[in-house]
Amino acid sequence: MINKIDYKFNSNSKLILFFTILTVTLIALYNGGELTKNFLSTISCLFLILTVGVSHGALDDIKGYKVLKLYKVENKFIFYLSYISLALLIIFIWILLPTIALTLFLIIAAYHFGKEDCWSVPVKKSNFNSIIFFIKGSLIILVPLWFSYEETISIFNTLGVKNQEFYNFLDFFKLNKLFSLLVLISILSNILINRQLKHLTGFALEIFCILALYEAFNPLVAFTIYFCFLHSLRHTTSLRKEFNINIWQFIKKAWPLTLLTSIIFLFGVYILTGFQDVPIDRSIINVIFIGLASLTFPHILLEYLLEKNEN
């Protein structure tokens, strides 16, 4: 019988192979003139994120019940109240303090990407692991600022960030070519995680694909492809292993919260376009990133509480 480590490595290798084939195919079509930088519309990006992307956190209710048991809380309503309250708090903070909210989201997201994308890799325990995970995951944040600075800044503006000092700070990094340096540091951080050739090969393929996607396509399209077809699929695979379920059982368990989240996101788009006269594309970008931020914070807190009590 295949052991846990081999299962993770084999599953991750298949995901990386799929992601690499997908990336190479898209880049070939782009270079052949079959695709444009914006070949996925904002509506298409929203659809993929609401289906493939969001579903990877759709078993948080089951994990939440485990946390409640650890703290000897029997009322499951407490989980939903806490999860939704934290999500709403993040949205409220974003409305009042968008620059701070965006900065915190980028930091937390970088850590989350770095940690989750090491799911199949044996990592030695260290006090510096959190920093290394953050540096590794920051690649997803830094590459669009390096390759597509103006488009990325436009997204930040759309998200309500108007702080000139924030943009002056980013301009300083751009003018002094510091984004390229930070990307290099992020790439090299993979060596600190695991130096075995098979794992370094996997990291190298991921990095190649991420760089190629962001170089060819606009930041939203590139992020959507990475988020849905590598990050989310990898997390889904880890959940299937954790709960010992097949893909159909996962879909059956995940669809209720996925559907509920989709309805809330679409309602957000409706409110922004129908009552605040925000253009549809800007509304979708707001809903995607602020919505993901509102889900990311409780999602990571839940993972932390589980790990804390399991160790």
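Here are some friendly questions and answers about how the terms used for this predicted model apply to it.

This is a predicted model, where local features need pLDDT of at least 70, side-chain atom pairs count only at pLDDT 80 or more, and totals for chains, interfaces and linings use all residues. Residues are numbered from 1 along each chain as its sequence is written, and side-chain values use heavy atoms, with hydrogens and water left out.

Q: Why is Cys 209 called buried?
A: Buried means under 20% relative accessible area, exposed means over 50%, and partly exposed is in between (1.4 Å probe, protein chains only). Cys 209 has 0% relative accessibility, so it counts as buried.

Q: What makes Cys 118 buried?
A: The relative accessibility of Cys 118 is 4%, so Cys 118 counts as buried too.

Q: Why is Cys 118 too far from the closest cysteine sulfur for a bond?
A: A disulfide is a pair of cysteine sulfur atoms within 2.5 Å. The closest cysteine sulfur to that of Cys 118 is in Cys 209, and it lies 16 Å away, so the two are too far apart for a bond. Cys 209 is in no disulfide either, with the nearest cysteine sulfur, in Cys 228, 15 Å away. The structure holds zero disulfides.

Q: What is Leu 29 called, by its relative accessible area?
A: Leu 29 has a relative accessible area of 34%, so it is partly exposed. Leu 29 lies in helix α1, residues 4-31; helices (H or I, at least four residues) and strands (E, at least two) are DSSP runs, numbered from the N terminus.

Q: Which residues does Leu 29 contact, leaving aside its neighbours within four places in sequence?
A: Contact means heavy atoms within 4.5 Å. Under that condition, Leu 29 is in contact with Glu 34 and Leu 35.

Q: Which residues have the most contacts inside the largest nonpolar core?
A: A nonpolar core is a set of buried Ala, Val, Leu, Ile, Met, Phe, Trp, Tyr and Cys residues joined through side-chain atoms within 4.5 Å. The largest one has 68 residues, and Phe 156 and Ile 288 have the most contacts inside it. Leaving aside neighbours within four places in sequence, Ile 288 is in contact with Cys 45, Leu 46, Ile 49, Leu 220 and Phe 265.
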